[in-house]
Amino acid sequence: MLNEPKFAAASLAPTRVRILVVGLCIAMSILLYLDRFALSPATDAILRELHLTKEQFGRTTLVFFFAYALTQVPAGWLSDTFGARGTLVAYVIGWSMATICLGFVNGLVAIALVRLMLGVTQAGAYPAAASLIKRWIPATGRGRANSSVSMGGRLGGLIAFFFTPMLMLLVGNWLGWQTGRWRVVFVCYGLLGFVWAAFFWWLYRDSPRQHPWCNEAEANLIDATTPQAKPASRLGLPVLAMLRSREVWLLCGFNCAVNVGWVFLVTWLPQYLIETYGEYVTVHIGDKLVVAGVMTAATGLAGMCGGILGGTATDLLVQAYGLRWGRRLPAMCAGCIVCVLYLIAPRMPNVWLFIGTMIAISFTIDFGLGASWASYQDIGGRNVASVLGVGNMFGNLGAAGFSWLIGYLADHDRWQTVFYISAVAMALNATCWFFFDATRPVVRTEAA
């Protein structure tokens with residue numbers, strides 16, 4: 001039985017349990033973004049039914065990202081200290097309950113409270129995933145593993161944007177509802193998390209040597225580049241070391257900047273398409289809510305492709321040019337390219353060229369993320385989840401403020417300003433990456 005903590009017999013060929021572990025992380029990441037961004041394609045319906053302004057709705061997004069940001073570090077510390085098996089199950093069950101509750105809200109305060117709960121419970125997902133990948137994946141494969149998990153998030157966003165409007169129409173036709181169709185969809189999404197939690201608890205262990213399906217050859221392969229974590233009682237949060245680390249501050253800078261450059265794609269893009277091109281879409285293509293969702297999903301698909309290629313690219317560049325430039329080059333180039341694309345986006349003469357530009361932006365941002373995720377493990381040592389929590393905290397503080405600002409600017413018909421701010425943010429992202437050195441661990445006496 002899998003629940004028995006037996007160590008499998010050794011064999012010459014390593015088993016591939018680590019692939020199962022990455023697969024579980026990818027599935028978690030899909031649910032993470034599905035539940036997080038299912039609200040975005042339903043924005044137009046919710047604004048009309050609950051009589052909210054875009055600026056008010058932007059406040060609920062701010063609440064989510066603010067809560068998500070501020071709980072990153074404690075959530076990461078919990079994962080480093082107690083392991084991902086218990087903490088990640090608790091996080092997923094918590095945010096699944098929040099998603100179900102979203103189907104029962106009736107006003108701005110209720111949405112804000114549910115999004116607050118969602119932010120707190122989702123904060124530990126990626127820090128825990130980074131910690132378990134550090135424990136299970138050899139260093140030479142972490143770029144691909146991290147990009148695959150990041151790709152799962154983009155797939156979850158793609159599913160949210162593509163299927164949510166269609167499911168809302170299906171619910172309306174099936175139940176005969178003209179309003180409230182999004183409520184049923186959110187409840188169904190939330191229930192999926194309980195299924196994942198049961199499978200993860202059954203299939204995952206916090207160490208390769210604790211897993212009955214993992215043989216000694218695979219455990220030795222992982223141990224060769226992965227130092228074993230300290231016991232929970234001995235593992236502390238290296239606050240002073242992180243404060244003194246130039247790389248941690250640069251990591252916080254490029255995370256904040258890239259989140260500002262990215263958040264428009266996953267929050268306000270459908271609403272922008274409806275407001276700017278809605279009449280053309282309705283006359284020449286079809287239902288504007290569905291078309292906006294499909295077009296936004298296309299950007300998510302591009303992000304997935306960019307993430308896969310970016311993870312492979314950073315691993316190959318590390319082999320060719322070393323850790324410093326192998327991480328630095330793809331992310332720095334991505335920031336420069338996206339900066340230019342955001343500057344030309346508002347000048348696109350039609351919806352097809354505009355969405356093509358958004359697809360290119362999404363692909364390029366995610367291309368650079370493989371290096372970003374791997375860098376946490378490069379410099380984090382035994383405190384990967386905590387270091388990721390700090391970087392993600394700053395990133396989501398940027399997303400929190402800018403998501404609200406987008407709503408404010410949209411209420412005043414200043415969409416162009418959104419693109420220009422995004423361009424400046426991506427230029428700052430590239431600048432931070434130019435100075436980042438992945439060979440400098442946070443705790444210098446510890447091997448990364």
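**View 1. Asp 44, a buried residue in helix α2.** Asp 44 is buried, because its relative accessible area is 15% (buried means under 20% relative accessible area, exposed over 50% and partly exposed in between, with a 1.4 Å probe and protein chains only). Asp 44 belongs to helix α2; helices are DSSP runs of H or I with at least four residues, numbered from the N terminus. Leaving out residues up to four places away in sequence, Asp 44 touches Gln 271, Ile 274 and Leu 289, where contact means heavy atoms within 4.5 Å. The model shown here and in the other views is predicted, with local features needing pLDDT of at least 70 and side-chain atom pairs counting only at pLDDT 80 or more, while totals for chains, interfaces and linings use all residues. Residues are numbered from 1 along each chain as its sequence is written, and side-chain values use heavy atoms, without hydrogens and water.

**View 2. The largest nonpolar core, with Phe 264 and Met 358.** This core has 137 residues, and Phe 264 and Met 358 have the most contacts inside it. A nonpolar core is a set of buried Ala, Val, Leu, Ile, Met, Phe, Trp, Tyr and Cys residues joined through side-chain atoms within 4.5 Å. Helix α1 (residues 17–37) gives the largest share of this core, 13 residues. Apart from neighbours within four places in sequence, Phe 264 is in contact with Leu 269, Tyr 272, Met 358, Ile 406, Trp 415, Val 418 and Phe 419.

**View 3. The packing of helices α8 and α9.** Helix α8 (residues 142–175) and helix α9 (residues 181–203) pack at an angle of about 120 degrees, and their axes are 8 Å apart. The two helices are therefore oblique to each other; angles under 35 degrees count as roughly parallel, over 145 as roughly antiparallel, 65 to 115 as roughly perpendicular and the rest as oblique. Residues of α8 in the contact include Ile 159, Phe 163 and Leu 167, and those of α9 include Trp 182, Val 185 and Tyr 189. By class, this contact has eleven nonpolar, two polar and one charged residues.

View 4. Most residues other than glycine have a negative phi. His 51 counts as exposed because its relative accessibility is 69%. Asp 413 is exposed, with a relative accessible area of 63%.

Definitions and conventions. Axes are lines fitted to C-alpha atoms, for helices over the stretch in contact, and angles run from 0 to 180 degrees between N-to-C directions. Ala, Val, Leu, Ile, Met, Phe, Trp, Tyr, Cys and Pro count as nonpolar, Asp, Glu, Lys and Arg as charged, and the others, Gly among them, as polar.
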